[in-house]
Amino acid sequence: MKTSQKFNIDFDYNELHHDAPKAVQAPLIGLTGNFSDNKLSLLPGYYTSILKAGAVPVILPPAEDADILISFLNRIDGLLFTGGADINPLFFQEEPIRELQDINPYRDRQELLLARLAADRQIPILGICRGVQVLNAAFGGSLYQDIHSQMEGTRIKHSQQLDRSFASHTIEIEPGSLLEKIMGCSHVAVNSFHHQAVRETAPGFRVSARAKDGVIEAIESTEGKSILGVQWHPECFILNGDESMMPLFHWLTHEAKSFAKAKELHSRILTLDSHCDTPMFFHENIHFESRDPRIKVDLHKMNEGRQDATIMVAYLPQKECTEEALRQATAQADSLLDQIEEITAAHPESVGIAYTPADLYCLKREGRKAIMLGIENGYAIGNDLHNVERFRRRGVVYMTLCHNGNNNICGSARYNDVNLGLTSFGEQVVREMNRTGMMIDLSHSGERSFYDVLQASSQPVVCSHSSCRALCDHPRNLTDDQLRAIAAKGGVVQVCLYGGFLRSGQPATLSDAIAHLNHMVQVMGIEHVGIGSDFDGDGGIIGCNDSSELINFTRRLLEERYGEEDIRLIWGGNFLRVMEEIQNGKKH
């Protein structure tokens, strides 16, 4: 028998987690630790509750370096902010009052940054006691440094001496809240060991529970995201054999499993957004390589949302059709396409231009993002039919025949009082697009133009960013008959994430986009649908507002019980099938 052995502990973390057999795989939940006196500690209730909920706890050591934190976040599926010291009031623009207790600057800096980085990546988050305060402060909310001296009225005792595994007071949960759904009731007995609390909720959050004296006991996302914070200590109850608080940890584990599955899917399938207008902002000296708040699509956000590719369009507003205006339109289209190429060429290690579906898959294998070129508004070709082939040769994969207003090609869905359809010049354009392998995009086209083009085209057509008239009566949306006609032609319609096309009178949410997609699938079949965000062209809805949030769409598709092959088709498989057919000149 050997008395000594060497063990290789230099394992691949990704391999350990992501290549494990699916039957035994459990989500990884990161937990913040309490760092003080050169020690990192964590009370047993936290990891015991996580383990009992079926997840694997991983403790995050003290670190403030953003790259280290991002590396950690890229490996976990959920995040739990634990309790501990007070938060330094300077972080929420206040001077300390006399009643402020111990603060921990190491935790403050780390956790406030960690919360923002995790939320950017759509990682499910649960905050406990100090954790709920971290969430609120990180996103611009305010805190009471001490509820007893800063809140009016008589307080119940929020800092108890009894064993933490027993309840000390009750809270009222808001009807219809996520917390009510999780706990299954509106009146809950909790424990309490704090003197700081949420004062005003941060943007994007709402109160979901209060104590009898009005102290806020829980907050949650108003955007349907998996972010929840509670003021009490639910992790303590399990140590007394009390499972009444386990629903919170089961919720976090469930959300982490969903997020892990979505990440895994995105690693295997190609995710293509068929329409964004980001080039409209390139002249503002935007920083495409970083997380630029002025735009909804940049390399940083694409990484966060695990998005592989987008089709950026050279958008031209419809103006007069004089010879000079048409020449300027063509020059503007070329200039915008030049800018797309230049901004891509500036970061060759991270992104490349794709001209075919095969290019997209090649770039994904290389670990680079992909951009395809499109034109929004056939106004760009002027009166010169040769411009179709010229734009196609420089890589344009589709052209929207018009925008908001009629042009020399066809009549628009808007501002078309004369009910103009496809013109004789437009018929030539359609035939030339068929010949050169450029996709015909009927988003923005009027209904008469729509049917004229379907009759004139020898190839399938697409709508790169449109939604359903049956669910939202907007002239830009498609009737069920139009949906069926595109499917019969072999084409594809991409759900648009512009709120005005999804819902009338109220802000649209991700649920509305899913409803439109479901309707399209019911009418057209799964082989004829996809997603075209219209980001930076007014696209963006609650729950899916930019590229960093596109993984939320995948999570909702999984909740709707779409299978992997269905999701692959929705996330670009259908659109690329049509693109390949048209580029190869196959007759439908």
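This is a predicted model: local features need pLDDT of at least 70, side-chain atom pairs count only at pLDDT 80 or more; totals for chains, interfaces and linings use all residues.
1. Residues are numbered from 1 along each chain as its sequence is written. Local features need pLDDT of at least 70, side-chain atom pairs count only at pLDDT 80 or more, totals for chains, interfaces and linings use all residues, and side-chain values use heavy atoms, without hydrogens or water.

2. Helix α4 (residues 105-120) packs with helix α5 (residues 130-138) at an angle of about 65°, and their axes are 9 Å apart. α4 is therefore roughly perpendicular to α5 (65 to 115 degrees; under 35 is roughly parallel, over 145 roughly antiparallel, the rest oblique). Axes are lines fitted to C-alpha atoms over the stretch in contact, with angles from 0 to 180 degrees between N-to-C directions. Helices are DSSP runs of H or I with at least four residues, strands runs of E with at least two.

3. On the α4 side, Arg107, Asp108, Glu111, Leu112, Ala115 and Arg116 meet Arg130, Val134, Leu135, Ala137 and Ala138 of α5 (contact: heavy atoms within 4.5 Å). The residues of this contact are six nonpolar, five charged and no polar (Asp, Glu, Lys and Arg count as charged; Ala, Val, Leu, Ile, Met, Phe, Trp, Tyr, Cys and Pro as nonpolar; the others, Gly among them, as polar).

4. Asp536, not a glycine, has a positive phi of about 65°. Asp536 sits in the loop between β22 (529-532) and α18 (550-559). Asp536 counts as buried because its relative accessibility is 8% (buried is under 20%, exposed over 50%, partly exposed in between, with a 1.4 Å probe and protein chains only).

5. Arg561, also not a glycine, has a positive phi of about 70°. The loop between α18 and α19 (564-583) holds Arg561. With 76% relative accessibility, Arg561 counts as exposed.
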